[in-house]
Number of protein chains: 2
Amino acid sequence: MAGLMAIHGIDDSPRGRLLSAAAHLFRDKGFDRTTVRDIAASVGIQSGSIFHHFKTKEDILYAVMEEVIHFNTERLRQAVVAHSTGQEQLRALIRAELQSIVGDTAEAMTVMVTEWRCLSEDKQARALKLRGIYEQLWLDVLTRLHKEGVFTTDPFIMRRLLTGMTGWAPNWFDREGPLSLDDLADIILARVIGEAER
Amino acid sequence: MAGLMAIHGIDDSPRGRLLSAAAHLFRDKGFDRTTVRDIAASVGIQSGSIFHHFKTKEDILYAVMEEVIHFNTERLRQAVVAHSTGQEQLRALIRAELQSIVGDTAEAMTVMVTEWRCLSEDKQARALKLRGIYEQLWLDVLTRLHKEGVFTTDPFIMRRLLTGMTGWAPNWFDREGPLSLDDLADIILARVIGEAER
DNA sequence: GTCTATAAAGTGATAGAC
DNA sequence: GTCTATCACTTTATAGAC
């Protein structure tokens with residue numbers, strides 16, 4: 001029910017269902033411990049039939065990552081253009097990334113972080129180019145705030161600290177708990193702009 | 001050369017060499033993609049000989065984690081007792097965790113984070129108890145600072161943000177680069193106590 | 001586009017000699 | 001404590017019928 005549904009909508013294409021199922025299994029058990037039999041079984045076909053849709057098991061992993069990066073890069077872009085001040089943009093970026101990472105695309109995003117090295121070097125390089133676009137959106141906003149004197153830490157380092165904070169959230173954040181994603185976004189935002197309020 | 005050498009010293013016991021080699025390979029290729037043949041070859045023995053020292057491949061993974069937790073819990077404890085004020089203790093904790101995670105025990109620590117789910121549930125539970133002691137050292141210091149009004153965010157959440165920031169460091173921090181671990185510790189510390197200086 | 005059947009290769013672990 | 005040899009099993013991927 002979660003997975004890549006947000007990307008494909010209610011996508012009943014075999015490819016869409018396979019990617020959703022794969023994202024779910026890869027997140028639960030990891031890429032290596034998930035067999036093509038597992039994936040096939042969870043969409044109700046036989047293992048051999050998988051290879052009509054994807055050439056290799058690794059291609060499935062790459063497809064999961066590619067789609068989730070594209071989808072979330074677009075979400076990040078929307079977050080930037082929806083606001084005018086740097087601080088508003090940064091808050092929107094944090095909120096959007098949290099949504100990606102513990103919200104509607106949580107499974108695929110987690111897979112991208114944790115199963116990265118299961119990709120061959122070629123595919124890692126291709127995925128890295130896509131991630132570069134995503135990261136540039138962050139760096140543009142952070143660099144602007146840095147120039148405005150909102151914080152003094154190097155923007156590249158600040159981005160890495162932010163990546164750590166949001167990226168670890170799936171390991172503890174409880175969507176049913178008392179803390180909302182908006183709350184968490186504000187708490188993380190304060191780690192950045194706290195400096196400005198000294 | 002790194003690995004668990006710090007723990008075992010110049011430990012030439014077969015077990016020590018096996019654990020160091022395993023930590024290195026697990027970090028490089030992941031637990032599942034590392035074969036017992038790989039581990040055996042890297043210490044110069046045959047694959048069957050491994051099982052004289054460890055009952056299963058998973059036991060090797062658990063031993064790596066157990067040793068690195070024990071070692072780094074002790075390091076954390078030293079960091080606390082070496083200082084008297086809460087802020088000094090927190091800085092020492094951050095510095096110690098960075099040392100664990102990108103310094104002398106980097107390989108084993110990374111393995112603990114990334115290969116956690118490769119442990120059976122039994123062993124996960126056992127390792128979790130050990131990690132609980134480690135985490136309590138953090139929470140004691142953070143709770144003290146919170147009560148002193150040094151920061152307002154919930155100490156549990158603050159610890160999780162810190163875990164994310166330090167835990168992500170292996171993915172970008174360059175020990176040969178211009179930024180020292182002391183510098184990074186100060187930057188991370190400012191994410192916590194920045195609030196106090198408003 | 002899915003099925004069945006199977007090839008081809010690699011895996012963790014064991015047994016017994018030395 | 002290490003070796004050799006091998007068992008029992010699982011894996012990805014393919015081939016061809018339907």
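**Group meeting: a look at a predicted model with DNA**

Hi everyone, let's start in the middle: the largest nonpolar core has 98 residues, and Ala22(A), Val64(A), Ala22(B) and Val64(B) have the most contacts inside it. By nonpolar core I mean a set of buried Ala, Val, Leu, Ile, Met, Phe, Trp, Tyr and Cys residues joined through C-beta atoms within 7 Å. Buried means 20 or more other C-beta atoms within 10 Å of a residue's own, exposed means 12 or fewer, and partly exposed is in between, with C-beta atoms placed from the backbone.

Some housekeeping. This is a predicted model, where local features need pLDDT of at least 70, side-chain atom pairs count only at pLDDT 80 or more, and totals for chains, interfaces and linings use all residues. Residues are numbered from 1 along each chain as its sequence is written, while chains are lettered from A and ligands numbered from 1 in the order in which they are written.

Back to Ala22(B): leaving out residues up to four places away in sequence, Ala22(B) touches Ile39(B), Ile60(B) and Val64(B). Contact here means C-beta atoms, placed from the backbone, within 7 Å.

Now, which helix of chain B is largely enclosed by the rest of the structure? That is H7(B), residues 106-114, because seven of its nine residues are buried. Among the buried ones are Glu107(B), Met109(B) and Met112(B). Their cover includes helices H2 (14-29), H5 (57-81) and H6 (86-102) of chain B. Helices are DSSP runs (H or I, at least four residues) and strands likewise (E, at least two), numbered from the N terminus.

By contrast, take Ile133(B), in helix H8 (residues 121-147) of chain B. Ile133(B) is partly exposed, with 13 other C-beta atoms within 10 Å. Ile133(B) and Thr73(B) are 60 residues apart in sequence, yet 7.4 Å apart in space, C-alpha to C-alpha.

An unreviewed UniProt entry lists residues 35-54 of chain A as "DNA-binding region". In our model that stretch is 40% helix and 0% strand, with its end C-alpha atoms 14 Å apart.

How values were computed
Two residues are in contact if their C-beta atoms, placed from the backbone, lie within 7 Å. UniProt positions are given in the numbering used here, feature names are shortened, and annotations may be inferred rather than shown by experiment.
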